2 protein chains.
Amino acid sequence: MYNYKLMISYDGTHYSGWQVQPNGISIQGKIQEALQKILKHEVLVIGSGRTDAGVHALGQVAHFKVAEPLDLYRLLASLNGILPRDIRIKRIEPAALEFHAQHSAIGKTYHYHLHLDYVQDPFQRLYSWHVRAKVDLNLLHEASAFFPGTHDFTSFANEAHLGCAAYDPVRKLKRLDIVPEDGGVCLQFEGEGFLYKMVRNIVGTMIEVASGKRKAACIPEIFAAKDRGQAGQSAPPQGLFLMRVDYP
Amino acid sequence: MYNYKLMISYDGTHYSGWQVQPNGISIQGKIQEALQKILKHEVLVIGSGRTDAGVHALGQVAHFKVAEPLDLYRLLASLNGILPRDIRIKRIEPAALEFHAQHSAIGKTYHYHLHLDYVQDPFQRLYSWHVRAKVDLNLLHEASAFFPGTHDFTSFANEAHLGCAAYDPVRKLKRLDIVPEDGGVCLQFEGEGFLYKMVRNIVGTMIEVASGKRKAACIPEIFAAKDRGQAGQSAPPQGLFLMRVDYP
């Protein structure tokens with residue numbers, strides 16, 4: 001048995017997300033189809049986690065196992081030859097047999113791009129959230145200070161596993177930086193793990209604070225409520241990029 | 001009579017170019033339609049020059065004349081409300097009656113993005129030329145040195161007005177800089193004016209030199225031949241951006 005690790009970039013605009021779904025074209029599905037075409041048998045490609053429709057990745061990681069060793073240089077060229085140009089395999093590496101793209105991950109970095117100019121940049125329309133409300137950057141910083149650290153993020157997570165007994169909603173957010181960039185800011189999230197829609201729900205809540213809809217001081221109450229209904233609306237998907245997945 | 005100047009950005013991916021054409025959707029056409037919807041009469045929008053299908057603009061300039069004065073703040077919001085999100089009016093200003101977006105222009109700046117990584121960045125696929133051949137940056141610099149200055153650029157221009165008696169193929173290229181950027185380089189052209197397809201034909205020729213297909217020393221012979229057939233292939237449109245148009 002051989003295990004291989006893929007480093008993947010994709011423009012998520014035209015996909016229903018990472019994960020294979022009954023209706024819709026997924027990135028995982030496209031990569032599995034391409035591998036099957038090359039290897040002449042079915043292959044299961046397991047990603048570090050799913051990304052939703054419209055969400056992008058510069059550093060998604062996945063693994064797949066095969067019985068025979070592969071010529072990775074040829075495989076990289078063949079895969080990129082078959083895949084559509086909005087999905088690119090950046091690198092393929094041999095991995096230890098026990099490496100698992102999802103379970104072995106010890107950290108992830110997400111960027112969320114906010115576009116704040118009055119007139120939207122047409123080149124950012126698919127890669128950022130154009131916030132029409134007036135955003136106060138001081139309030140955005142104030143809001144951001146409440147999130148780093150270890151918290152029960154239930155109020156910032158959408159359904160998914162909420163019913164499940166083994167579900168642990170406590171996560172450690174190591175860093176939430178606000179970095180200025182052309183036309184807006186980039187919110188950089190680094191954590192040990194993220195709940196479903198957690199980044200977009202935090203961003204949506206931060207924007208409600210920064211646009212004066214609610215006070216930053218409410219955020220501890222939102223955490224305490226453990227109720228998704230208390231936090232802000234989810235930020236739209238196209239501003240979100242999975243930048244990096246860390247392994248030991 | 002009132003004359004207004006428009007500053008326009010567009011992602012040219014889904015258009016047949018700036019200029020209204022019998023078949024195909026043009027940027028000029030989209031803006032004229034939006035103005036007509038607002039002003040309830042036909043309006044002719046004259047750009048600084050045409051851009052081809054797939055070519056982008058961050059700083060296209062155009063003008064249009066109307067009989068009655070307009071509320072520019074409202075017009076900007078209405079236009080951007082009607083236009084598709086890949087065309088944005090960045091600014092509208094009153095202009096002198098004699099201002100003409102094309103004839104008053106005294107200079108233009110174009111950028112051409114070359115993407116040189118082995119694996120293409122999916123986010124650059126529509127905004128750069130992914131050159132698969134090995135590019136020697138020293139040779140690229142060597143080739144670039146032959147273009148600035150005042151030359152007869154006939155060998156680097158496609159048809160258009162070649163038959164016309166009044167046609168003057170002499171142009172002054174003030175600057176051709178090679179600026180490193182993430183994944184490649186940006187070729188920056190600044191000139192008093194450009195012939196049809198001149199930038200893309202120069203870039204195509206420079207890449208033939210930089211990839212070892214021909215010597216930089218041939219470039220003076222290409223100029224001297226005054227024959228489009230002597231220069232290299234035209235570089236693809238999606239790497240080209242009209243950045244700025246200068247007026248006195």
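Me: What area do chain A and chain B bury between them?
Reply: This is a predicted model, and the values are computed from it. The contact takes 25 residues from chain A and 25 residues from chain B. Carbon and sulfur atoms give 64% of the buried area. The area that chain A and chain B bury between them is about 2000 Å².

Me: Which residues of chain A lose the most area to chain B?
Reply: Three residues together make up 34% of what the chain A side buries. They are A:Arg85, A:Phe123 and A:Arg125.

Me: How far apart are the closest N and O atoms of B:Arg125 and A:Asp11?
Reply: Across the interface of chain A and chain B there are three salt bridges. A salt bridge here needs a side-chain nitrogen of Lys or Arg within 4 Å of a carboxyl oxygen of Asp or Glu. B:Arg125 and A:Asp11 form a salt bridge, with their closest N and O atoms separated by 3.1 Å.

Me: Which elements of chain A give two or more residues to the side that touches chain B?
Reply: By class, that side of chain A has 14 nonpolar, five polar and six charged residues. The elements that give two or more residues to it are β1 (2-10), β3 (56-66), α2 (72-82) and β4 (87-95) of chain A.

Me: What kind of axis relates the two copies?
Reply: Chain A superposes on chain B by a rotation of 180° with 0.0 Å of shift along the axis, at an RMSD of 0.0 Å. The two copies are thus related as by a two-fold rotation axis.

Me: Which residue of chain A comes closest to the rotation axis?
Reply: 100% of the interface residues of chain A are also interface residues in chain B, so the copies meet through the same surface. By C-alpha position, the residue of chain A closest to the axis lies at 5.3 Å from it, and that residue is A:Phe123.

Me: Within chain A, what area is buried between domain 1 and domain 2?
Reply: Chain A is divided into domain 1 (2-95) and domain 2 (107-246), with 27 Å between their C-alpha centres. In contact are 16 residues of domain 1 and 14 residues of domain 2. Carbon and sulfur atoms give 57% of the buried area, which is about 1200 Å².

Me: Which residue forms a salt bridge with A:Asp52?
Reply: Across the interface of domain 1 and domain 2 of chain A there is one salt bridge. The closest N and O atoms of the pair with A:Asp52 are 3.5 Å apart, and the partner is A:Arg200.

Notes: Residues numbered from 1 in each chain as written. Chains lettered and ligands numbered in written order. Predicted model: local features only at pLDDT ≥ 70, side-chain atom pairs only at ≥ 80, totals over all residues. Heavy atoms only, no water. Contact = heavy atoms within 4.5 Å. Buried area = accessible area lost by both parts, 1.4 Å probe. Helix = DSSP H or I, 4+ residues; strand = E, 2+ residues; numbered from the N terminus. Nonpolar A, V, L, I, M, F, W, Y, C, P; charged D, E, K, R; others polar. Least-squares fit on C-alpha atoms with pLDDT ≥ 70 in both. Domains from an automatic or database assignment.
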